[in-house]
Amino acid sequence: MELVPRTEVTPTAERVLTTVMFTDIVGSTQLAAALGDARWRELLARHDELVRAELSHHGGREVKTLGDGFMATFDCPGAGIRCARAIEDQLAPLPFDIRAGLNTGECDLVGGDVMGLAVHVAARIGSMARAREVLVSHAVKDLVLGSGITFRPRGRHRIKGVPGRWRLSGVASA
């Protein structure tokens, strides 16, 4: 006997395995204050143009901009790592540094957005990266085994709101 009738649940999201990358300009608020709004807008427009060019070149998909950074996805974690490093190189002449964080996991595609715990983890990893650092989860590191990409261990870290300690690595070469 069934006490609670079952109802069919129609999925509103497509669940996919993807690599999520967050980028961020380090110290952007202080730089914007020092440069003034007009100059900051010019630099940010150049930043956005260069990031979009690298996303296109590396097969990334822009999900959204986040003021002074981007959220993007990649089918291949190695492409995400190489893209993040290329963005750093392209932005080197500009008067700021970026940082990037990547995680691979199952996410929900809802409209044009990407959601899920894997996205939150990628964002937190990005916020933990140092200037000019690409910081990745252990999942990303494991998936690029044999690619020639090398890493520096950054230890185990707590990620706010997520259980356990997460092994993180900085990209040494891509």
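**Note on the predicted model**

1. Trp-40 is a reasonable place to start: its relative accessible area is 12%, so it is buried. The structure is a predicted model, and the points below should be read with that in mind.

2. Trp-40 has an aromatic partner. The rings of Trp-40 and Phe-96 have centres 6.3 Å apart and planes at 65°, so they form an edge-to-face pair. Trp-40 belongs to helix H2 (residues 37-57), whereas Phe-96 sits in the loop between helix H3 (77-91) and E4; the two are 56 residues apart, and the pair links distant parts of the chain. Phe-96 is also buried, at 6% relative accessibility. The count of aromatic pairs in the structure comes to one.

3. Cysteines come next. A disulfide is a covalent bond between the sulfur atoms of two cysteines. The structure holds zero disulfides. Cys-83 is in none, and its nearest cysteine sulfur, in Cys-76, is 12 Å away. For Cys-107 the closest cysteine sulfur is again in Cys-76, at 15 Å, which is too far for a bond. Cys-83 has 0% relative accessibility and counts as buried; Cys-107 likewise has 0% and counts as buried.

4. Helix H4 covers residues 117-128. Its twelve residues should span 16 Å at 1.5 Å a residue, and the end C-alpha atoms lie 17 Å apart, so the two values agree. The buried residues of H4 are Ala-118, Val-119, Val-121, Ala-122, Ile-125 and Gly-126. These residues cover an arc of only 160° around the axis, and therefore lie on the same side of H4. An α-helix has 3.6 residues a turn, so residues three or four places apart point the same way. On the face turned away from the buried side, H4 carries the exposed residues Leu-117 and His-120.

5. Side chains of opposite charge can pair when their charged atoms come close. Across the whole structure there are eleven salt bridges. One of them joins Arg-61 and Asp-75, with 3.0 Å from N to O. Arg-61 is in strand E2 (residues 61-65) and Asp-75 is in the loop between strand E3 (70-74) and H3, so this bridge ties together parts that are 14 residues apart in sequence. Arg-61 is partly exposed, with a relative accessible area of 37%, while Asp-75 counts as exposed at 62%.

6. Strand E2 has a further link of this kind. Lys-64 forms a salt bridge with Asp-113, and their closest N and O atoms are 3.2 Å apart. Because Lys-64 lies in strand E2 and Asp-113 in strand E5, the pair ties together parts that are 49 residues apart in sequence. Lys-64 counts as partly exposed, at 32% relative accessibility.

7. Arg-154 and Glu-133 also form a salt bridge, the closest N and O atoms being 2.9 Å apart. Arg-154 is in strand E7 (residues 150-159), and Glu-133 is in the loop between H4 and strand E6 (134-137), so the bridge ties together parts that are 21 residues apart in sequence. Both Arg-154 and Glu-133 are buried. Elsewhere, salt bridges link Arg-15, Glu-106 and Asp-108 in a network.

8. A last remark concerns Gly-112. It is found in the loop between strand E4 (98-110) and strand E5 (113-115), and at 68% relative accessibility Gly-112 counts as exposed. Gly-112 and Ala-86 are 26 residues apart in sequence, and their C-alpha atoms are 25 Å apart in space.

How values were computed
Residues numbered from 1 in each chain as written. Predicted model: local features only at pLDDT ≥ 70, side-chain atom pairs only at ≥ 80, totals over all residues. Heavy atoms only, no water. Helix = DSSP H or I, 4+ residues; strand = E, 2+ residues; numbered from the N terminus. Buried < 20%, exposed > 50% of the residue type's maximum accessible area, 1.4 Å probe, protein only. Disulfide = S-S within 2.5 Å. Expected span 1.5 Å × (residues − 1). Arc of directions from axis to C-beta. Phe/Tyr/Trp six-rings, centres within 6.5 Å; stacked < 30°, edge-to-face > 60°. Salt bridge = Lys/Arg side-chain N within 4 Å of Asp/Glu carboxyl O.
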